[in-house]
Amino acid sequence: MKAKFLFKYLLVVLVLGGNSLLLQAQYYDYLNANNLSAGIGIGGNLFTTTTPTTYWDLFEIPAGSGKREIYTAALWMTGRDQGFGLHCAAQRYFDYGIDYFDGPVASVYNSNYDNYYKRIFKVSQQQIAVFTALHFPVSASQVDSAIKYWPGKGNACVQTDYGVNIESALAPFVDLNHNGIYEPLLGEYPAVLGDVNIFFVFNDIRNTHTETNGFPIGAEIRGLASSYVDYNLPSYNSPINNTVFVQYEIENKSTTTYTNYNLGLFVDPDIGCFENDYVGCDTTRNMMFAYNGTPTDPDCAPELGYGSTPIALGIQMLNQPMGVFGYFVGGSTDPITAPEYEQYLKGLWIDGTPFEFGRSGYNTGGAPTKFLLSGDPTDTTGWSEVQIHQQPGDRQMFAGAGPSAFNPGEIIHFDLGFTSAYDNTSNNVSIVDTLKQSADAIKQFYNQSILPNQWALGIKKIDAGDNQLTVSIYPNPSNNIITIEAGENIQSIELMDIEGRILLTKTVGVNKVLLSVAALAKGVYLLSVQGLDNAVVKKV
């Protein structure tokens with residue numbers, strides 16, 4: 001059973017090599033550009049930090065109100081190796097230990113590594129604007145520490161001051177001279193789109209998994225959390241101002257090919273008071289949501305309730321189809337072992353019983369389903385907690401994508417939108433309809449403003465120069481084989497549908513590649529071709 005803690009801001013200064021003051025080690029910080037104050041910390045969970053003491057509940061809306069909607073959230077992953085052995089990486093409340101470890105996959109983990117990577121990396125557009133106004137080259141003392149120590153590949157400032165060589169692509173950056181190395185003294189800077197952004201990285205391979213006791217997957221997880229400001233509408237009326245975007249880039253750093261790989265997100269929603277929540281899902285929007293199960297949301301110490309203000313939380317899977325949604329009541333059917341996490345991500349209860357339509361979804365005699373509580377709460381004929389008159393309580397929920405294969409070197413992108421809707425004209429149930437309207441606006445914003453410009457992190461970079469990657473795709477259209485040819489060696493290709501769902505990722509290494517499209521349905525697709533320093537997205 002989870003414990004509820006008050007939180008406080010924690011900022012620790014690291015002193016290395018005598019009295020040399022380096023980048024402050026921010027164990028967590030806030031996305032605070034818009035109507036949200038969302039804390040992103042180390043340890044692998046969202047809206048939580050683990051060092052030196054664990055603090056939860058860092059998702060405050062409206063900012064400054066002291067009222068919060070999410071206790072914690074975390075990635076769940078399971079996969080079967082070729083011998084059908086189960087691998088699992090997942091966390092909830094660190095009840096038994098941890099499965100995720102701060103920093104990228106490395107051959108050596110030492111004090112230098114921990115001094116640099118045991119932190120989050122926050123940067124704002126304001127910092128970037130001040131930096132880019134300088135006359136380059138500059139000295140190290142002229143560079144904001146957020147930009148100077150950004151974890152871009154080959155950053156010499158990090159090598160000099162921390163003794164850490166960033167050998168592979170981590171955080172995205174503008175590569176002005178196209179050499180693949182991050183050089184802030186020459187004017188290069190983080191390639192981020194949000195008004196405020198936090199980059200973080202962790203892996204599941206450094207140590208034994210003590211949370212699930214599962215075999216490691218060997219994944220490196222690079223994350224970028226961002227908040228944006230919509231100046232066209234009042235803060236409380238704009239879905240953008242009530243949203244945090246989180247983009248994950250998950251790379252298989254092992255030599256193992258996984259079948260039946262399942263990827264999901266666990267969320268413990270506490271909509272003010274944690275004792276009276278309802279949850280559900282909207283399969284058409286790839287969204288799980290939570291809302292208050294009582295007309296008035298009381299305080300339940302230490303959490304403040306929202307009172308008579310209707311509010312709802314939605315988490316959208318923006319570039320992956322939702323393949324499963326489930327929930328459980330805290331302290332009842334919590335997953336503990338790797339097989340139990342796998343059962344949930346497969347759309348089964350932890351005892352192996354299928355999800356079934358009707359009532360709570362457990363042993364109802366109804367038709368098997370992958371999506372529990374999939375009805376609209378305002379529809380009297382829909383399957384929701386409102387209509388089945390279920391007692392509100394401390395809900396936990398999860399949504400998953402998969403199963404799929406996950407090959408060595410393959411990268412999976414998992415983009416999420418955490419959206420809130422609240423007003424004084426709805427009630428605790430009808431606010432869910434307002435949330436769905438907000439989710440449509442967020443999806444449109446993602447498709448138009450985020451996806452075309454930066455839909456990946458460490459591998460792709462925003463190109464600020466004039467040298468563009470030259471790519472030819474022929475025949476286009478095609479119903480069989482297309483040829484992709486570039487003016488340089490192609491590092492990788494990625495195929496997406498028009499909604500941004502990733503259908504294929506392939507490492508290449510040559511300048512010409514044949515791709516079969518015979519199995520695809522007729523339609524328009526997006527093909528990203530990644531060269532050494534930049535990427536091009538083409539319609540096919």
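Leaving aside its neighbours within four places in sequence, which residues is A421 in contact with? The model is a predicted one, and in it A421 touches P310, I311, A312, I431, T434, L435 and S438 once those neighbours are set aside. A421 has its place in strand β20, which covers residues 411–422. With a relative accessibility of 4%, A421 counts as buried, because buried means under 20%.

**Nonpolar cores**

The largest nonpolar core contains 83 residues. Within this core, the residues with the most contacts are F47, L75, M77, Y248, I250 and F418. Y248, with its neighbours within four places in sequence left aside, is in contact with a set of residues that includes L46, L75, F200, F202 and I221. The set also includes R222 and G223, together with I412, H413, F414, D415 and L416.

**Salt bridges**

The count of salt bridges comes to 15. Three of them are listed below with their nitrogen-to-oxygen distances.

| Salt bridge | Distance (N to O) |
|---|---|
| E60 and R68 | 3.9 Å |
| K148 and D161 | 3.8 Å |
| D282 and K436 | 3.7 Å |

In the pair E60 and R68, E60 is buried at 10% relative accessibility, and R68 is buried with a relative accessible area of 16%.

The side chains of K148 and D161 also meet in a salt bridge. K148 lies in helix α3 (residues 145–148) and D161 in helix α4 (residues 156–162), so this pair ties together parts 13 residues apart in sequence. K148 counts as buried at 13% relative accessibility, whereas D161 is partly exposed, its relative accessible area being 28%.

The salt bridge between D282 and K436 links distant parts of the chain, 154 residues apart. D282 belongs to strand β15 (residues 277–282), and K436 to helix α6 (residues 431–450). Both D282 and K436 are buried. These two residues are also part of a network of salt bridges that links D282, R285, D376, K436 and D440.

Terms used
Residues numbered from 1 in each chain as written. Predicted model: local features only at pLDDT ≥ 70, side-chain atom pairs only at ≥ 80, totals over all residues. Heavy atoms only, no water. Helix = DSSP H or I, 4+ residues; strand = E, 2+ residues; numbered from the N terminus. Buried < 20%, exposed > 50% of the residue type's maximum accessible area, 1.4 Å probe, protein only. Contact = heavy atoms within 4.5 Å. Core = buried A, V, L, I, M, F, W, Y, C linked by side-chain atoms within 4.5 Å. Salt bridge = Lys/Arg side-chain N within 4 Å of Asp/Glu carboxyl O.
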